[in-house]
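Below is a briefing on one protein model. The sequence and structure come first, and the notes follow by topic.

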Amino acid sequence: MNERSWKPNVTVAAVIERDGRFLLVEEETPEGLRFNQPAGHLEEGESLLEAVVRETLEETAHRFTPEYLVGVYQWTRPQGDITYLRFAFGGRVDGEVPGRRLDEGIVRALWLTPDELRATAERHRSPLILQCVDDWLAGQRFPLSLLRHY
């Protein structure tokens, strides 16, 4: 493969805590049902912030307002075929859209405590889920002004 043709998959994720619980999705994957933060791929023409707001709404039916950048994470799947560059955002949900259908493949949205998350680590889509929560709990919050979209 030509070095110049390789590109990571840019993704966004929402880290949302409410009353000591984190908003997650249970989704269908080739490896079976897995947990993930509301997350997905950056689409052409949108900013990182627009992407995380859209993905959270599509996957959880919750309106999300990003307030912080929690971190930027690079992870290559164990199969070695895909590398993800994840931008994780913390913020708040401003209500649920009643009756909104979740994205195809999303079984449900649910709220889990950090202990429940740790107990289900074998069902996480990637190690990034727990890392993002741990970073949030450690107080890692960077201003959104770090990001520029032109």
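Ser47 touches Leu42 and His149, not counting residues up to four places away in sequence; contact here means heavy atoms within 4.5 Å. The model is predicted: local features need pLDDT of at least 70 and side-chain atom pairs count only at pLDDT 80 or more, while totals for chains, interfaces and linings use all residues. Residues are numbered from 1 along each chain as its sequence is written, and side-chain values use heavy atoms, with hydrogens and water left out.

- Ser47 is placed in the loop between S5 and H1; helices (H or I, at least four residues) and strands (E, at least two) are DSSP runs, numbered from the N terminus.
- With a relative accessible area of 9%, Ser47 is buried, where buried means under 20% relative accessible area, exposed over 50% and partly exposed in between (1.4 Å probe, protein chains only).
- From Ser47 to Ile106 the separation is 59 residues in sequence and 23 Å in space, C-alpha to C-alpha.

**Sheet and the helices across it**

- An open sheet of four strands has the order S5-S1-S7-S6, with mixed pairing; two strands pair if DSSP finds at least two bridges between them.
- Strands S5 (39-41) and S6 (62-76) are at the edges with a single partner strand each, so one side of each has no neighbour in the sheet.
- On average, neighbouring strands of this sheet are turned by 25° against each other, direction ignored.
- Strands S1 (residues 9-15) and S7 (residues 83-96) run parallel and are joined by seven bridges; Ala13 has Ala88 in S7 as its bridge partner.
- Helix H1 (residues 48-60) lies across S1, S5, S6 and S7, at about 105° to S6; axes are lines fitted to C-alpha atoms, for helices over the stretch in contact, and angles run from 0 to 180 degrees between N-to-C directions.
- Helix H3 (residues 128-137) lies across S1, S6 and S7 and runs at about 120° to S6.

**Nonpolar cores**

- The largest nonpolar core has 18 residues, of which Val15, Phe22, Leu24, Val70, Tyr73, Ala88 and Leu117 touch the most other members; such a core is a set of buried Ala, Val, Leu, Ile, Met, Phe, Trp, Tyr and Cys residues joined through side-chain atoms within 4.5 Å.
- At least two residues of this core come from each of strand S3 (21-29), S6, S7, strand S8 (106-112) and H3, and H3 gives the largest share, six residues.
- Another core, of 13 residues, lies apart from it and includes Ala14, Leu48, Ala51 and Phe89.
- Leaving aside neighbours within four places in sequence, the contacts of Leu24 include Asn36, Pro38, Leu110, Leu117 and Ile129.

**Helix H3**

- H3 is largely enclosed by the rest of the structure, because seven of its 10 residues are buried.
- The buried residues in H3 are Leu128, Ile129, Leu130, Cys132, Val133, Asp135 and Trp136.
- Gly139 follows H3 and has a positive phi, near 90°.

**Aromatic rings**

- There are two aromatic pairs in the structure.
- Trp75 and Tyr84 form a stacked pair, because their ring centres are 6.1 Å apart and their planes are at 15°; rings of Phe, Tyr and Trp (its six-membered ring) pair if their centres lie within 6.5 Å, and planes under 30 degrees apart count as stacked, over 60 as edge-to-face and the rest as tilted.
- Trp75 counts as buried at 17% relative accessibility, and Tyr84 counts as buried at 17%.
- The charged end of Arg18 sits over the ring of Trp111, 4.0 Å from its centre; a charge sits over a ring if NZ of Lys or CZ of Arg is within 6 Å of the ring centre and within 35 degrees of the ring normal.
- Arg141 lies over the face of Trp136, 3.4 Å from the ring centre.
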